[in-house]
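Here is a short report on aromatic rings. Look at the sequence and structure first, then read on.

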Amino acid sequence: MGDFNHPDICWRDNTAGHKQSRKILECVDDNFLLQVTEEPMRRGAMLDLVLTNKEGLVGDVKLKGSLGCSDQEMVEFRILRAARRAHSKLTTLDFRRADFGLLRDLLGRIPWDKALEGRGAQDSWPIFKGHLLQAQERCIPTKRKSSKTTKRPPWMNKDAPGQSQTQKKEAYRGWKQGQVAWEEYREPVRAARDQVRKAKALTEISLARDVKGNKKSFYRYVSDKRRTRENVGPLRNEMGDLVTQDMEKAEVLNAFFASVFTGKCLSHTAQVTEGRDWENAEPPTVGEDQV
């Protein structure tokens, strides 16, 4: 937050007139920040900005008038603290501690030919499912599903970045316990920071280089970096009024879907020809170019 003094920036259209202002916009976009100040200050210009990397963290931004003889507006905002995170009671399979050898052995002992003899797919499925769940209960333990995101960042691996982070944690633990001097702790910290920066840069370069052939990885990385989530904005109903409530927006979308949906049978629907000898007919020829 602060007085950035760039009155030529239009935050609504994300445009700027001067070079330095365009650099500010590029920096905000590159770091996935969100500007939450909406009211203009002095002479209709928006100078005091509040930037956040998480939607919903800052709210109730208001202008409170000038302080004394200053021509600057005071900006008041509230940092919204999240509610206490509830501990998850869901359980999930812990495949890291699973005994797949025993699982294959248990399923291999079952005489599948006799167990499924004379049964169709509908009747065979419950039998197969029951044996599989029994073997799963013996071979794969369960664990409490964590409410925290435990996914490793894409640049983290078991080589230099991972080892340097481990050395950093060990050095920090020793320094807190008084077993390691500050100078000895500082070196692993610098090494870990340099390794992480290099790993991040190499990952981003590779994603940008291969974006045409691997778009999913690129956009997955971008979405993980973003803290803000796009919501459905205000919609205009049939009467021309803007609706902002979730239930009202759902009704508008549902009404539009119903208006364009049709249940009529299309004219080009394939029809089955009666009286044709399908068993003796030659199969159709499908070429690679047609596929």
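Is Trp-125 buried, partly exposed or exposed? Trp-125 is partly exposed, at a relative accessible area of 48%. Buried means under 20% relative accessible area, exposed means over 50%, and partly exposed lies in between (1.4 Å probe, protein chains only).

This is a predicted model, where local features need pLDDT of at least 70, side-chain atom pairs count only at pLDDT 80 or more, and totals for chains, interfaces and linings use all residues. Residues are numbered from 1 along each chain as its sequence is written, and side-chain values use heavy atoms, without hydrogens and water.

Rings of Phe, Tyr and Trp (its six-membered ring) pair if their centres lie within 6.5 Å; planes under 30 degrees apart are stacked, over 60 edge-to-face, and the rest tilted. By this rule there are 3 aromatic pairs. Two of them are described here, starting with Trp-112 and Phe-128, a tilted pair with centres 5.5 Å apart and planes at 50 degrees. Trp-112 sits in helix H3 (residues 112-115) and Phe-128 in helix H4 (residues 121-139), so this pair ties together parts 16 residues apart in sequence. Helices are DSSP runs (H or I, at least four residues), numbered from the N terminus.

The accessibility values are these:

| Residue | Relative accessibility |
|---|---|
| Trp-112 | 23%, partly exposed |
| Phe-128 | 32%, partly exposed |

Trp-125 and Phe-128 are also tilted, with ring centres 6.0 Å apart and planes at 40 degrees. Both lie in helix H4, 3 residues apart, about one turn of the helix. Trp-112, Trp-125 and Phe-128 form one aromatic cluster.

How values were computed
Helix = DSSP H or I, 4+ residues; strand = E, 2+ residues; numbered from the N terminus.
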